[in-house]
Amino acid sequence: MNDLDWMREALGLAAMAAGVGEVPVGAVAVKDGAIIGRGYNRREIDHDPFSHAELLAMREAAVALGVWRLTGVTVYVTLEPCVMCAGAMVQSRVDRVVFGAFDPKAGAVGSLMNVVQDARLNHRVEVVSGVMGDECSELLKTFFKALRLEAKK
């Protein structure tokens, strides 16, 4: 498996989120060639501002590993992480983040700022961006277009 394969897994989770009316963002946490955490946005379902795909995948990974330090873990996520999720990656010592679509309005892994590689912090995360970016972006655009159409009715 490679970055494309893992991103396909995350994209499948994003499609699940869209299917239940959530913003279509999906994430998987991978260590040693295996998925140890999965998540998709669940803010509306859970009534929880912290139910972002990345946080859910990282939480599941920590439980699977039995530790809070996610050393050796790569997080694959369909949308560039926000400040909260990027900060959680630094705090949990994630090794790598691979994301699909850039988020020019809230992205904190290169678009607005780069939290995960800020030299002032005690840990830096390797970043790979744009993996399946067109597909990830298209899913988001389609979702929000449908929302706008529904709102006009």
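Modeller: In this predicted model, Met7, Leu11, Ala14, Ala15 and Ala18 of H1 meet Glu135, Cys136, Leu139 and Phe143 of H5.

Biologist: What makes these residues a contact of H1 with H5?

Modeller: The cut-off is heavy atoms within 4.5 Å. The listed residues of H1 and H5 meet on that test.

Biologist: How do the residues of the contact of H1 with H5 divide by class?

Modeller: They divide into 8 nonpolar, no polar and 1 charged. Glu135 of H5 is the charged one, because Glu counts as charged.

Biologist: Why are H1 and H5 called roughly parallel?

Modeller: Their axes cross at roughly 5° and come within 11 Å. Angles under 35 degrees count as roughly parallel. H1 and H5 are therefore roughly parallel to each other.

Biologist: At what angle do H3 and H4 pack?

Modeller: Helix H3 (residues 53-65) and helix H4 (residues 83-91) pack at about 25°, with axes 9 Å apart. The limit is again under 35 degrees, so H3 is roughly parallel to H4. Their crossing is left-handed.

Biologist: Which residues make the contact of H3 and H4?

Modeller: H3 gives Glu54, Leu55 and Met58, and H4 gives Met84, Cys85, Ala88 and Met89. By class, that is 6 nonpolar, no polar and 1 charged. Glu54 is the charged one, because Glu is in the charged class.

Biologist: How much space lies in the largest pocket?

Modeller: About 530 Å³. It is lined by 25 residues, and Val23, Leu79, Asp103, Leu140 and Phe144 are the closest to its centre.

Biologist: What makes a residue part of the lining?

Modeller: A lining residue has an atom within 4 Å of a pocket point. H5 (133-152) and strand E4 (96-101) each supply at least two such residues. The largest share, 7 residues, comes from H5.

Biologist: Which classes does the lining of the largest pocket have?

Modeller: The lining has 12 nonpolar, 5 polar and 8 charged residues. Asp103, one of the closest to the centre, counts as charged because Asp is in that class.

Conventions: Residues are numbered from 1 along each chain as its sequence is written. This is a predicted model: local features need pLDDT of at least 70, side-chain atom pairs count only at pLDDT 80 or more; totals for chains, interfaces and linings use all residues. Side-chain values use heavy atoms; hydrogens and water are left out. Axes are lines fitted to C-alpha atoms, for helices over the stretch in contact, and angles run from 0 to 180 degrees between N-to-C directions. Helices (H or I, at least four residues) and strands (E, at least two) are DSSP runs, numbered from the N terminus. Angles under 35 degrees count as roughly parallel, over 145 as roughly antiparallel, 65 to 115 as roughly perpendicular and the rest as oblique. A crossing is left-handed if the near helix is turned anticlockwise from the far one by less than a right angle, and right-handed if clockwise. On a 1 Å grid over the protein atoms alone, a cavity is a set of points where a 1.4 Å probe fits but cannot get out, and a pocket is an open set with protein on both sides within 12 Å along at least five of seven lines; lining residues have an atom within 4 Å of a point. Grid points are joined across faces, edges and corners, and a volume is the space filled by probe spheres set on the points.
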